[in-house]
Amino acid sequence: ELYVVGDCMSDVYLTVDIRPCYNEPASIIYKSMKEVIITGGAANVARNLVTLGNSVTLAGVLGYGEAGEDLKNVIHESRINFISYLDSSRGVIRKIRCLKSRPMTSHLERIDMEFEPRDTKPIPSEIENAIMNDIEARKPEIIIAPDYAKGMFNGNLAQRIVQYAKASNCKLFATPKPVNADKFHGSYMIGLNRSEAEEIYRMF
């Protein structure tokens with residue numbers, strides 16, 4: 001069983017019909033025709049691992065409201081064992097991609113529903129403690145930590161997981177954002193794209 005812990009968010013695909021706005025000549029109307037919500041962030045990493053035939057537990061934090069319930073539902077539909085922690089002081093980050101419905105489907109724009117610092121602040125210490133308690137109880141052999149710098153690893157959780165992995169002979173695979181790279185020092189393996197690697201090289 002793989003244990004994934006990280007920032008969970010929603011990827012939303014909104015198919016729209018474009019119409020003129022006669023009352024506001026400088027504006028256009030996107031009339032929503034269809035909405036599809038799928039897993040984003042660490043939740044998408046977990047879904048991909050399930051698709052490859054793995055048994056996956058995902059630990060993630062959900063914000064308040066309908067968006068949180070929608071995300072929880074699509075995660076469960078993906079056959080992921082989801083251990084969710086509610087933080088009512090934050091929202092759910094949603095990456096909304098608007099697609100033109102006709103004559104051909106095409107991408108128009110992306111809207112990031114993400115309010116700082118509310119949605120990207122460090123998670124509460126009690127949630128950190130609960131996640132560590134769950135990891136210690138499950139004793140996974142492999143932990144995967146996809147970092148999007150949206151709060152999960154902005155505090156002390158990364159180093160606590162690193163220390164646990166070292167002490168328990170657990171392999172920790174991490175993909176840190178540059179702002180959190182030093183917190184994952186000691187991981188079994190670090191994954192970076194080219195721009196992130198160059199930024200970290202300049203930092204150190």
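The dialogue below takes these features in turn.

Mentor: This is a predicted model, in which local features need pLDDT of at least 70, side-chain atom pairs count only at pLDDT 80 or more, and totals for chains, interfaces and linings use all residues. Residues are numbered from 1 along each chain as its sequence is written, and side-chain values use heavy atoms, with hydrogens and water left out.

Trainee: What is a cavity, and what is the volume of the largest cavity?

Mentor: On a 1 Å grid over the protein atoms alone, a cavity is a set of points where a 1.4 Å probe fits but cannot get out; lining residues have an atom within 4 Å of a point. Grid points are joined across faces, edges and corners, and a volume is the space filled by probe spheres set on the points. A search of the whole structure finds one cavity of 30 Å³ or more, and the volume of the largest cavity is about 150 Å³. Its lining has 16 residues, with C8, V61, R90, D119 and K150 nearest the centre.

Trainee: Which elements give two or more residues to the lining of the largest cavity?

Mentor: They are strand 2 (8–20) and strand 4 (56–62); strands (E, at least two residues) and helices (H or I, at least four) are DSSP runs, numbered from the N terminus.

Trainee: How is a pocket to be read, and which residues are closest to the centre of the largest pocket?

Mentor: A pocket is an open set of points with protein on both sides within 12 Å along at least five of seven lines. The largest pocket here has a volume of about 230 Å³. Among its 16 lining residues, V45, P146, A174, T175 and G191 are the closest to its centre. Strand 8 (142–146), strand 9 (171–175) and strand 10 (189–190) each give two or more residues to this lining.

Trainee: Which backbone features deserve attention?

Mentor: Most residues other than glycine have a negative phi, and most peptide bonds are trans. In this model, a cis peptide bond joins E116 and P117, with omega about 0 degrees. P117 lies in the loop between strand 7 and helix 3 (125–138).

Trainee: Where is K139, and is it buried or exposed?

Mentor: K139, in the loop between helix 3 and strand 8, has a positive phi of about 55 degrees although it is not a glycine. Buried means under 20% relative accessible area, exposed over 50%, and partly exposed in between (1.4 Å probe, protein chains only). K139 counts as exposed because its relative accessibility is 59%. A149 also has a positive phi, near 55 degrees, and lies in the loop between strand 8 and helix 4 (157–168). With a relative accessible area of 22%, A149 is partly exposed.
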